[in-house]
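Hello,

Here is the structure we talked about. Please load it first, then read the notes below it.

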2 protein chains.
Amino acid sequence: MAKLITPRSEDYARWYTDVVTQSRMADYSPVKGCMVIRPHGYALWENMQRVLDRMFKDTGHQNAYFPLFIPKSFLAKEARHVEGFAKECAIVTHTRLRASGSGDDAKLVVDPASALEEELIIRPTSETIIYSMFAKWVQSYRDLPLLINQWANVVRWEMRTRLFLRTTEFLWQEGHTAHATSEEAEEEARRMLDVYATFAEEYMAVPVLRGRKTEKEKFAGAERTYCIEALMQDGRALQAGTSHHLGQNFAKAFDLKFQTESGDWRFAYNTSWGVSTRLVGAIVMAHGDDQGLVLPPRLAPVQVVVVPIWKGTDPVERILAAAEGVEGALKRAGVAAKLDARDNLSPGFKFNEWEMLGVPLRIEIGPKDLEKGSVCCVKRTNRAKSFVPTGDVPTAVPALLEEIQRELLEAARARRDASTFAVDGYDEMKAKLEGPGGFLLAHWCGDGACETAIHEETKATIRVITFDGASETGRCVRCGRPSERRVHFAKAY
Amino acid sequence: MAKLITPRSEDYARWYTDVVTQSRMADYSPVKGCMVIRPHGYALWENMQRVLDRMFKDTGHQNAYFPLFIPKSFLAKEARHVEGFAKECAIVTHTRLRASGSGDDAKLVVDPASALEEELIIRPTSETIIYSMFAKWVQSYRDLPLLINQWANVVRWEMRTRLFLRTTEFLWQEGHTAHATSEEAEEEARRMLDVYATFAEEYMAVPVLRGRKTEKEKFAGAERTYCIEALMQDGRALQAGTSHHLGQNFAKAFDLKFQTESGDWRFAYNTSWGVSTRLVGAIVMAHGDDQGLVLPPRLAPVQVVVVPIWKGTDPVERILAAAEGVEGALKRAGVAAKLDARDNLSPGFKFNEWEMLGVPLRIEIGPKDLEKGSVCCVKRTNRAKSFVPTGDVPTAVPALLEEIQRELLEAARARRDASTFAVDGYDEMKAKLEGPGGFLLAHWCGDGACETAIHEETKATIRVITFDGASETGRCVRCGRPSERRVHFAKAY
């Protein structure tokens with residue numbers, strides 16, 4: 001904890017890396033592009049998993065597990081899919097190492113005799129392997145819908161990586177479903193996007209836009225891709241979750257057919273949807289400040305830290321007993337509380353450390369608090385203090401945590417709204433993008449070539465065509481051709 | 001559900017595969033040696049994970065996540081470790097596919113220009129990558145003990161695979177810890193073995209022997225390997241969990257040092273310990289019968305199925321309402337209950353199906369039960385019936401489930417004990433191994449050469465040198481040299 005965090009105003013990217021590493025959420029590994037998720041980061045991910053898993057099960061999904069390996073020929077079966085993933089993947093070609101040379105010169109080399117007949121790809125996503133299994137399991141309309149989710153690691157050979165946001169290997173969940181009709185698949189894809197939006201807003205306290213991606217930005221192999229998009233403090237967008245209506249593309253590639261009630265055979269309709277450990281990065285970037293992490297109470301592994309304060313002739317034993325009592329009362333009330341009774345560290349040092357770790361609420365108990373029969377509650381967000389009678393702790397503290405949760409979402413929404421600009425001219429748009437960034441609401445002609453040109457000229461992409469965007473006639477921000485609505489442009493992570 | 005299960009007496013291996021596939025716990029995948037864990041099998045694994053994870057956290061461990069990839073050079077750093085794993089591993093050598101040829105003749109080939117500078121091994125276990133990180137994180141004795149667990153997939157390129165019991169990829173947890181002294185590491189290794197034994201007996205209802213492995217059978221890189229060993233219904237042993245005292249072998253290979261209180265630098269002591277999805281196979285083989293799975297109530301995803309029964313002029317509505325009432329009362333009492341109200345299937349069909357799926361208790365509600373104000377409870381194990389007044393269901397059913405849990409453990413223990421034989425002659429031992437199998441308690445001289453010869457001549461291995469084995473002078477079952485105690489031999493999965 002000795003090192004300082006680079007202020008956001010100085011270098012936002014450095015600030016992010018400092019916060020993630022110094023709060024011990026993650027660390028760089030010896031494998032290029034791969035990170036280690038340390039206990040403080042993993043505990044947050046576990047809490048996110050627990051909530052999401054419950055939401056998936058409540059919407060009728062069951063978990064299963066499919067192989068890490070995808071046969072090369074499987075990847076090739078869906079034309080656009082292979083284009084999307086073939087250029088950056090990890091390929092297993094051999095299965096044995098052997099010693100070469102002897103003594104001190106001995107080296108471990110790949111045994112050429114162990115070459116696989118068909119190479120295996122480490123899954124970058126599992127559509128191909130999963131729908132090949134669905135084809136075995138589905139025969140009749142009675143077997144539909146089939147609603148499966150998988151928690152897994154996936155690998156995409158990324159060139160430029162960043163802790164949590166973009167790593168070669170990452171953890172995620174991928175939902176995969178099969179339906180009898182396009183309408184049902186559409187409903188499912190939209191339902192799961194709503195689940196993601198609810199999770200982002202109600203648990204992560206990150207406001208998101210909901211809508212669909214353009215043809216250019218959609219998932220390789222999908223008919224339509226829906227997404228939720230968030231805005232980070234530096235004015236860049238972050239795609240926080242996607243849900244795809246796959247149509248019959250994979251069903252046709254893997255012969256996933258079912259017999260209808262009237263006896264004829266039809267291809268099924270699929271959806272897939274996923275969120276990943278990049279959401280941990282989103283939480284860091286959405287709420288963190290120059291003191292470190294700020295975690296939303298509903299997901300924080302430690303929600304409240306209790307710090308006893310004493311010096312000189314203070315009644316240490318009684319202060320510690322009161323602090324233990326408060327910790328116990330909070331735990332019984334279902335609050336993840338932790339007592340920090342270390343006696344070799346000053347209160348100030350402890351305050352800094354727990355602020356760095358993002359604990360939403362600190363409770364201080366000193367001799368004066370003891371006298372008054374109350375405790376001092378300090379919010380991580382703004383250090384606002386409130387004094388709570390000790391007996392009220394089990395009800396007042398959960399209420400304070402909910403208050404913090406609401407305030408975080410409101411603050412993030414206010415920041416997002418303050419960074420959303422309607423722009424009409426291309427120069428205006430470029431100036432914004434070179435300056436503060438943010439979501440730029442601009443007219444677009446609908447032409448992919450124009451979209452590509454804007455990307456090349458400004459680095460901004462169309463993040464989302466929102467569901468609730470108003471009709472408004474106008475002219476494309478770049479080419480001037482007519483447009484019927486604005487879309488959200490931004491530079492993105 | 002239409003196919004029959006091969007009886008155990010006819011072909012135990014076929015019976016096992018029939019039960020696993022027909023109960024839809026798992027299926028073969030298109031990738032050689034890899035399986036798909038289907039929802040019914042995965043839900044059981046999730047329950048096992050939940051209990052184990054709680055036990056790990058209660059003993060002070062935290063979860064983290066380390067990379068899937070191990071640099072080739074890392075594997076080579078611990079000499080015995082590489083010997084143990086180099087011959088059957090998945091090796092990533094390239095990172096890009098490209099099209100070769102054009103049109104209909106186009107093929108997807110590995111791009112030779114994408115060869116990695118250093119090949120990566122898919123983790124067969126994570127000692128090397130984890131201790132390389134520990135070396136970064138540990139500086140002082142104050143950083144110890146470091147108690148980490150990881151839930152992950154691992155890959156070992158097995159030639160002969162079997163659903164759950166031995167697959168190329170499998171799911172597991174691996175605990176990795178670092179300690180200041182050998183004594184503390186020893187205590188940790190033994191503590192976690194006890195956790196595994198408690199889990200096996202109290203949750204899986206599988207009795208286990210606890211002890212250590214011989215030098216020949218220990219983990220590649222360990223000083224000492226402890227294990228729990230179970231006996232399956234066909235008289236073969238199954239290693240159900242291992243815990244290793246790694247000494248300073250990996251600490252030296254990865255420079256994992258700490259500064260003591262007095263200021264000098266020492267290598268840390270490590271332990272590692274793991275259990276895997278093979279435990280799902282152990283549950284199948286320990287309790288299953290010719291009707292299918294038998295799941296222990298404390299781990300069963302569905303603990304109770306409620307089947308309403310009606311025909312002809314019976315008051316269907318009232319029977320269904322009563323069944324719904326019972327399901328609701330059970331759920332409120334914390335029981336995983338499921339109502340099977342499908343009206344296109346006969347009660348007999350439903351009974352068979354839920355028996356196949358291993359649900360521990362069936363509750364039948366028909367017109368007579370309605371009249372009497374009671375329900376009929378049928379145990380999966382022996383079809384024993386008991387009638388419970390409807391109002392007593394919330395207390396009587398959990399008690400019945402606990403009774404079943406106890407009976408399963410007792411029955412498995414009785415089978416194990418009845419299949420444990422003291423043998424003194426080599427011919428007697430061979431005859432047992434060719435016949436019923438079981439644990440054979442025999443004297444052994446302690447010589448690895450003799451152990452190897454016995455393995456080659458009989459296919460049996462020394463499964464465990466139990467902690468509680470009695471001292472007894474005797475002569476080695478094969479060579480006649482003196483021995484001070486008996487050890488457990490068996491053929492094993």
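**Salt bridges**

B:Glu472 is partly exposed, because its relative accessibility is 34% (buried is under 20% relative accessible area, exposed is over 50%, partly exposed lies in between; 1.4 Å probe, protein chains only). This is a predicted model, so local features need pLDDT of at least 70 and side-chain atom pairs count only at pLDDT 80 or more, while totals for chains, interfaces and linings use all residues. Residues are numbered from 1 along each chain as its sequence is written, chains are lettered from A and ligands numbered from 1 in the order in which they are written, and side-chain values use heavy atoms, with hydrogens and water left out.

What does B:Glu472 pair with? Its salt-bridge partner is B:Arg486, with the closest N and O atoms 3.0 Å apart (a salt bridge needs a side-chain nitrogen of Lys or Arg within 4 Å of a carboxyl oxygen of Asp or Glu). The pair links distant parts of the chain: B:Arg486 sits in strand 26 (residues 482-490) of chain B and B:Glu472 in strand 25 (residues 471-475) of chain B, 14 residues apart. Helices (H or I, at least four residues) and strands (E, at least two) are DSSP runs, numbered from the N terminus. B:Arg486 is buried, at 15% relative accessibility. In chain A, A:Asp340, A:Arg342, A:Lys350 and A:Glu353 form one network through salt bridges that share partners.

The count over all chains is 74 salt bridges. One of them joins A:Glu407 and A:Lys379, at 3.0 Å from N to O. A:Glu407 lies in helix 12 (residues 393-418) of chain A and A:Lys379 in strand 20 (residues 374-379) of chain A, so the bridge ties together parts 28 residues apart in sequence. A:Glu407 is partly exposed at 29% relative accessibility, while A:Lys379 is buried at 9%.

Another joins B:Asp290 and B:Arg8, at 2.8 Å from N to O. B:Asp290 is in the loop between helix 8 (278-287) and strand 17 (304-308) of chain B, and B:Arg8 is in the segment before helix 1 (12-22) of chain B, so the tie spans 282 residues in sequence. B:Asp290 is partly exposed, with a relative accessible area of 29%. B:Arg8 is partly exposed too, at 26%.

**Aromatic rings**

The whole structure has 32 aromatic pairs over all chains (rings of Phe, Tyr and Trp, for Trp the six-membered ring, pair if their centres lie within 6.5 Å; planes under 30 degrees apart are stacked, over 60 edge-to-face, the rest tilted). B:Phe56 and B:Tyr196 are edge-to-face, because their planes stand at 80°, with ring centres 6.4 Å apart. They link distant parts of the chain, 140 residues apart: B:Phe56 in helix 2 (residues 39-58) of chain B, B:Tyr196 in helix 6 (residues 182-202) of chain B. B:Phe56 is buried at 1% relative accessibility. B:Tyr196 is buried at 2%.

B:Tyr131 and B:Phe250 are tilted, because their planes meet at 45°; the centres are 5.8 Å apart. Here helix 5 (residues 127-137) of chain B holds B:Tyr131 and helix 7 (residues 249-253) of chain B holds B:Phe250, 119 residues apart. B:Tyr131 is buried at 0% relative accessibility, and B:Phe250 is buried at 0%.

In chain A, ring pairs join A:Trp45, A:Phe56, A:Trp151, A:Tyr196 and A:Trp273 into a cluster.

Two charges over rings are worth a look. A:Lys372 lies over the face of A:Phe387, 4.7 Å from the ring centre (the cut-offs: NZ of Lys or CZ of Arg within 6 Å of the ring centre and within 35 degrees of the ring normal). B:Arg190 lies over the face of B:Phe467, 3.6 Å from the ring centre.

**Cysteines**

How many disulfides are there? Zero, over all chains (the cut-off is a pair of cysteine sulfur atoms within 2.5 Å). The sulfur of A:Cys476 has its closest cysteine sulfur in A:Cys479, at 3.6 Å, which is too far for a bond. A:Cys476 is buried at 4% relative accessible area. A:Cys479 is partly exposed at 33%.

**Symmetry**

A 180° rotation with 0.0 Å of shift along its axis puts chain A on chain B, RMSD 0.0 Å (least squares on C-alpha atoms of residues with pLDDT of at least 70 in both copies). The two copies are therefore related as by a two-fold rotation axis. A:Val92 comes closest to that axis among the residues of chain A, at 2.1 Å for its C-alpha. The same surface serves both copies: 100% of the contact residues of chain A recur in chain B (contact is heavy atoms within 4.5 Å).

Best wishes
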